[in-house]
Amino acid sequence: MNARPNEVQLPFYARFCLVLLLLFIIGWTVYLGSGIIMPLLLSVFCAILLRPVVVFLTNRLRFPHVLAALTAVILFLILIGAVIFFISSQVSDFTNDLPRIRENLGKHYRELQDWVSEHLHISSSRQENYIRNITKDNSNHLVGNTLAGFSITLLHAILLPIFTFLILFYRNLFKKFLSRLVRRRNQQTLVAIVMEVKVVVQSYIVGLLIEMGIVAALISGGLVLFGVQYALLIGVISALLNLIPYVGMLCATIVGLVTASINSTEFTVSLEVMGVYLAVHLLDTNFLMPKVVASKVRINALASIVGVYVGSELAGMGGMFLAIPTIAILKVIFDRIEGLKPWGILMGDRLPRSYDWSSHERYRKRETKEEKVAREVKKGGNKI
């Protein structure tokens with residue numbers, strides 16, 4: 001690609017170093033400002049999800065723009081409030097069985113102590129002392145972290161709808177800002193990126209919600225089939241935990257096993273619950289995620305796992321949840337910018353059709369034949 005008259009064409013190693021430096025600056029910024037960046041990023045995703053509602057209210061029902069944005073945010077809050085109300089009502093019924101739960105937990109705890117004493121040769125008194133020391137050392141630290149985490153979560157819960165409303169209200173201002181950032185000849189590329197980002201984010205979030213509903217229904221139905229109490233509550237909690245990529249279903253399985261063991265002391269119940277989670281996980285991995293969620297998010301498994309891990313290290317649980325849609329947005333940007341297309345290929349799940357590996361093989365074989373002919377000619381010249 002020829003450089004334009006006013007542009008400086010840097011060598012590959014210089015461009016590669018600049019990209020790595022940019023990635024480091026972005027990662028360091030996210031690590032330091034995750035408490036601010038994560039709510040803003042989540043608000044952007046919510047605004048993209050609610051934009052069709054705002055457009056419908058504005059164009060079809062003739063709502064003023066500010067009223068349409070406010071109505072969309074209120075409807076979104078009502079939906080979230082309904083889910084929270086359902087979970088809290090189920091939890092209130094769950095707390096009525098606390099005496100029986102405490103009794104069953106005591107039985108499981110004693111059985112675990114006996115197993116450790118028999119197989120690992122650690123007496124019950126040593127186990128009690130060890131647990132007491134851990135609890136004593138970490139109780140104050142745990143309480144402090146819990147209070148700090150609760151206050152931060154409450155602050156984010158208050159700021160999220162405010163940020164979402166403001167982003168919806170000022171979306172034309174953001175469009176104008178982006179158009180002024182790029183040159184006139186790149187306006188079409190900018191419009192294509194913005195439109196594709198909207199489609200990717202909306203498809204991903206809607207697919208994720210559909211997948212969550214299907215997973216909740218399957219887990220609840222399977223637990224009801226085996227007579228596990230609070231099956232609906234466990235199914236909803238498992239579906240919410242499943243929103244966390246790759247590790248969410250493992251946490252949901254642990255929650256289901258603990259709840260099933262609380263309701264019954266029989267080992268067969270735990271096996272049945274594990275079978276339900278295993279079947280749902282296989283269905284989710286092999287059908288729901290590829291067909292429902294990932295149809296518009298063309299990211300390979302390596303990029304997804306690395307992104308989730310990096311997101312968790314930089315921004316905790318929020319980073320894990322927002323990692324995949326963020327990577328999908330970055331891939332859309334990389335695929336549209338000529339100098340960043342190799343990074344988009346690295347994150348994608350397939351090779352571009354224009355690249356033919358066989359041509360590389362033919363070139364390598366042709367070079368080998370030419371070298372062979374040169375050696376024969378040289379050998380003949382030496383004989384003469």
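Reader: Let me start with a cysteine: is cysteine 17 buried, partly exposed or exposed?

Author: First, the ground rules: this is a predicted model, where local features need pLDDT of at least 70 and side-chain atom pairs count only at pLDDT 80 or more, while totals for chains, interfaces and linings use all residues. Residues are numbered from 1 along each chain as its sequence is written, and side-chain values use heavy atoms, with hydrogens and water left out. Now the terms: buried means under 20% relative accessible area, exposed means over 50%, and partly exposed is in between (1.4 Å probe, protein chains only). Cysteine 17 comes out partly exposed, at 47%. Cysteine 46, with 9% relative accessibility, is buried.

Reader: And how many disulfides are there?

Author: A disulfide is a covalent bond between the sulfur atoms of two cysteines. The rule here asks for a pair of cysteine sulfur atoms within 2.5 Å. By that rule, the count is 0.

Reader: What is the chain built from, helices or strands?

Author: Both are DSSP runs numbered from the N terminus: helices are H or I with at least four residues, strands are E with at least two. This chain has 13 helices and 0 strands. Buried residues account for 29% of its 384 residues. As for contacts (heavy atoms within 4.5 Å), take those between residues at least 6 apart in sequence: 68% of them join residues at least 24 apart.

Reader: Which residues does threonine 164 contact?

Author: Threonine 164 sits in helix 5 and is buried, at 2% relative accessibility. Skipping neighbours within four places in sequence, threonine 164 is in contact with Ser43, Cys46, Ala47, Leu50 and Val73.

Reader: How many aromatic pairs does the structure hold?

Author: A pair of aromatic rings is described by the distance of the centres and the angle of the planes. Rings of Phe, Tyr and Trp (its six-membered ring) pair if their centres lie within 6.5 Å; planes under 30 degrees apart are stacked, over 60 edge-to-face, and the rest tilted. The structure holds 5 such pairs. One of them joins phenylalanine 165 and phenylalanine 169, stacked at 6.0 Å centre to centre with 15 degrees between the planes.

Reader: How many residues apart are those two in helix 5?

Author: An α-helix has 3.6 residues a turn, so residues three or four places apart point the same way. Phenylalanine 165 and phenylalanine 169 are 4 residues apart in helix 5 (residues 124-169), so about one helical turn separates them. Phenylalanine 165 is buried at 19%, and phenylalanine 169 is partly exposed at 29%. Phenylalanine 169 also forms an edge-to-face pair with tyrosine 170: 4.8 Å centre to centre, 75 degrees between the planes. Elsewhere, Phe24, Trp28 and Tyr31 form one aromatic cluster.

Reader: Where is the kink in helix 11 centred?

Author: The bend at a residue is the angle between axes fitted to the seven residues ending there and the seven starting there. In helix 11 there is a kink of about 150 degrees, centred on alanine 315. The span tells you about the helix too: the expected value is 1.5 Å times one less than the number of residues. Helix 11 (residues 301-336) has 36 residues, but its end C-alpha atoms are only 22 Å apart, short of the 52 Å a straight helix would reach.
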